[in-house]
Amino acid sequence: MADTSDTRTPAEIEADIRRRREALAETLDEIGVRVHPKTIVGDAKAKVVANLDHTVGRAYVQVNRVVSDVRAQFVDEEGAPRLERVVPVALVAVGLVGLLALSVRRRGR
């Protein structure tokens with residue numbers, strides 16, 4: 001059998017009960033806040049925003065990397081344009097704009 005003798009005074013027992021009730025009340029308040037619909041919605045929104053921020057950040061880094069790679073193709077280490085690469089691309093761009101202008105003109109007739 002377990003020893004059930006308690007050497008505490010009634011005042012100590014009452015103080016323990018009071019502390020336990022306060023702790024339980026605090027825990028119940030915390031649970032009430034956690035399961036409140038506004039808290040749940042707020043937590044869900046915070047997770048979505050965090051994931052979106054992470055995704056946008058990764059996309060920004062990726063785009064920045066691509067732009068840097070493309071820029072490196074058309075600019076040398078000193079910052080001067082590489083004409084052997086810029087001129088052909090410019091000619092292709094002018095040709096495409098010219099073809100586009102001709103096709104719009106033909107549709108207008």
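How many Å² does the accessible surface of the protein come to, and what percentage of it belongs to carbon and sulfur atoms? The total is about 10,200 Å², and carbon and sulfur atoms hold 62% of it. Accessible areas here come from the Shrake-Rupley method with a 1.4 Å probe, and for residues only the protein chains shown count as cover.

Hello everyone, and a quick word on ground rules. This is a predicted model, where local features need pLDDT of at least 70 and side-chain atom pairs count only at pLDDT 80 or more, while totals for chains, interfaces and linings use all residues. Residues are numbered from 1 along each chain as its sequence is written, and side-chain values use heavy atoms, with hydrogens and water left out.

Let's start with the overall picture. The protein has three helices and zero strands, and along the sequence that reads α-α-α. The radius of gyration is 36 Å, well over the 13 Å that the globule rule gives for 109 residues, so the protein is more spread out than a compact globule. Helices (H or I, at least four residues) and strands (E, at least two) are DSSP runs, numbered from the N terminus. Along the principal axes, the C-alpha atoms fill a box of roughly 100 × 45 × 25 Å.

And how much of the protein counts as buried? Of the 109 residues, 2% do. I use buried for under 20% relative accessible area, exposed for over 50%, and partly exposed in between, with a 1.4 Å probe and protein chains only.

On to the charges. Side chains of opposite charge can pair when their charged atoms come close. A salt bridge here is a side-chain nitrogen of Lys or Arg within 4 Å of a carboxyl oxygen of Asp or Glu, and the whole structure has four. One of them joins glutamate 30 to arginine 34, with the closest N and O atoms 3.1 Å apart. These two are four residues apart in helix H1, so about one helical turn separates them. Glutamate 30 is partly exposed at 42% relative accessible area, whereas arginine 34 is exposed at 57%. Elsewhere, bridges that share partners link Arg8, Asp16 and Arg19 into one network. Aspartate 16 meets arginine 8 at 2.2 Å, N to O, and meets arginine 19 at 2.2 Å, N to O, as well. Arginine 19 and aspartate 16 are three residues apart in helix H1, so they too are about one helical turn apart. Aspartate 16 is partly exposed at 26%, and arginine 8 is partly exposed at 35%.

Next comes helix H2, residues 37–74. Proline 37 lies in this helix and is exposed, with a relative accessible area of 54%. From proline 37 to valine 63 there are 26 residues in sequence and 38 Å in space, C-alpha to C-alpha. Arginine 71 is in helix H2 too, and is exposed at 56%. What separates arginine 71 from proline 81, in sequence and in space? They are ten residues apart in sequence and 9.4 Å apart C-alpha to C-alpha.

Last stop, helix H3, residues 83–108, where we find valine 94. Valine 94 counts as exposed at 58% relative accessibility. Its C-alpha atom is 39 Å from that of histidine 54, 40 residues away along the chain.

Key:
The radius of gyration is taken over C-alpha atoms; the globule rule is 2.2 Å times the number of residues to the power 0.38.
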